[in-house]
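Let's take a friendly walk through this model, from its overall layout to its individual side chains. Please keep the structure open beside the text as you read.

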Amino acid sequence: PDELIQFTRFACMGEADGSLETADYVRPLSRGNEEKARAAVREACEAALAKYPRTLAEDRALLQDPAARKLLTERQYAALRLCMNEKAILARAVKAVDALPW
């Protein structure tokens, strides 16, 4: 998530945050910029998570149910695992952004 928040700091930059050429995106540029950047990352990840028909917990439960697991073809199983990984990455990104120090 480091590169993600750094890019988002750049994308959320305003005139008061300095020059594009000299800005150091590794650290917060300003309180306002940091709040916008963190909110943008969090909202994008949460919006992506909301588009899935099931939660990660529901997917895990589905895989733990032997009867439900037997109904999945190999491709369906692979797609489910892929979606689970995507959801886990998005959830970790939200946690990482929320855990960033000020």
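## Overall layout

In what order do the elements of the protein run from the N terminus on? They run α-α-α-α-α, and the protein has 5 helices and 0 strands. Here helices (H or I, at least four residues) and strands (E, at least two) are DSSP runs, numbered from the N terminus. The C-alpha trace spans about 60 × 20 × 20 Å along its principal axes. The radius of gyration is 18 Å, well over the 13 Å that the globule rule gives for 102 residues, so the protein is more spread out than a compact globule. That radius is taken over C-alpha atoms, and the globule rule is 2.2 Å times the number of residues to the power 0.38.

A few notes before going on: this is a predicted model, in which local features need pLDDT of at least 70 and side-chain atom pairs count only at pLDDT 80 or more, while totals for chains, interfaces and linings use all residues. Residues are numbered from 1 along each chain as its sequence is written, and side-chain values use heavy atoms, with hydrogens and water left out.

## Burial and contacts

Of the 102 residues, 27% count as buried. Buried means under 20% relative accessible area, exposed means over 50%, and partly exposed lies in between (1.4 Å probe, protein chains only). Among contacts (heavy atoms within 4.5 Å) between residues at least 6 apart in sequence, 60% join residues at least 24 apart.

## The nonpolar cores

Which residues make up the largest nonpolar core? There are 11 in all: Ile 5, Cys 12, Ala 37, Val 41, Cys 45, Tyr 52, Leu 90, Ala 93, Val 94, Val 97 and Leu 100. A nonpolar core is a set of buried Ala, Val, Leu, Ile, Met, Phe, Trp, Tyr and Cys residues joined through side-chain atoms within 4.5 Å. Helix 2 (31-50) and helix 5 (74-99) are the elements that give two or more residues to this core, and helix 5 gives the most, with 4 residues.

Leaving aside residues up to four places away in sequence, Ala 93 touches Pro 1 and Cys 45. A second, separate core has 5 residues, including Leu 63, Leu 80, Met 84 and Ala 88.

## The cysteines

The structure holds 0 disulfides, a disulfide being a pair of cysteine sulfur atoms within 2.5 Å. Cys 12 is in none, and the nearest cysteine sulfur, that of Cys 45, is 13 Å away. Seen from Cys 45, the closest cysteine sulfur is in Cys 12, too far for a bond. Cys 12 is buried at 18% relative accessible area, and Cys 45 is buried at 7%.

## Aromatic side chains

How many aromatic pairs does the structure hold? It holds 2. Rings of Phe, Tyr and Trp (its six-membered ring) pair if their centres lie within 6.5 Å; planes under 30 degrees apart count as stacked, over 60 as edge-to-face and the rest as tilted. Phe 7 and Phe 10 form a tilted pair, 6.4 Å centre to centre with 45° between the planes. Both lie in helix 1 (residues 2-11), 3 residues apart, about one turn of the helix. Phe 7 is exposed at 53%, whereas Phe 10 is partly exposed at 36%.

Phe 10 also forms an edge-to-face pair with Tyr 25, at 5.3 Å centre to centre and 85° between the planes. This pair links distant parts of the chain, with Tyr 25 in the loop between helix 1 and helix 2, 15 residues from Phe 10. Phe 7, Phe 10 and Tyr 25 form one aromatic cluster.
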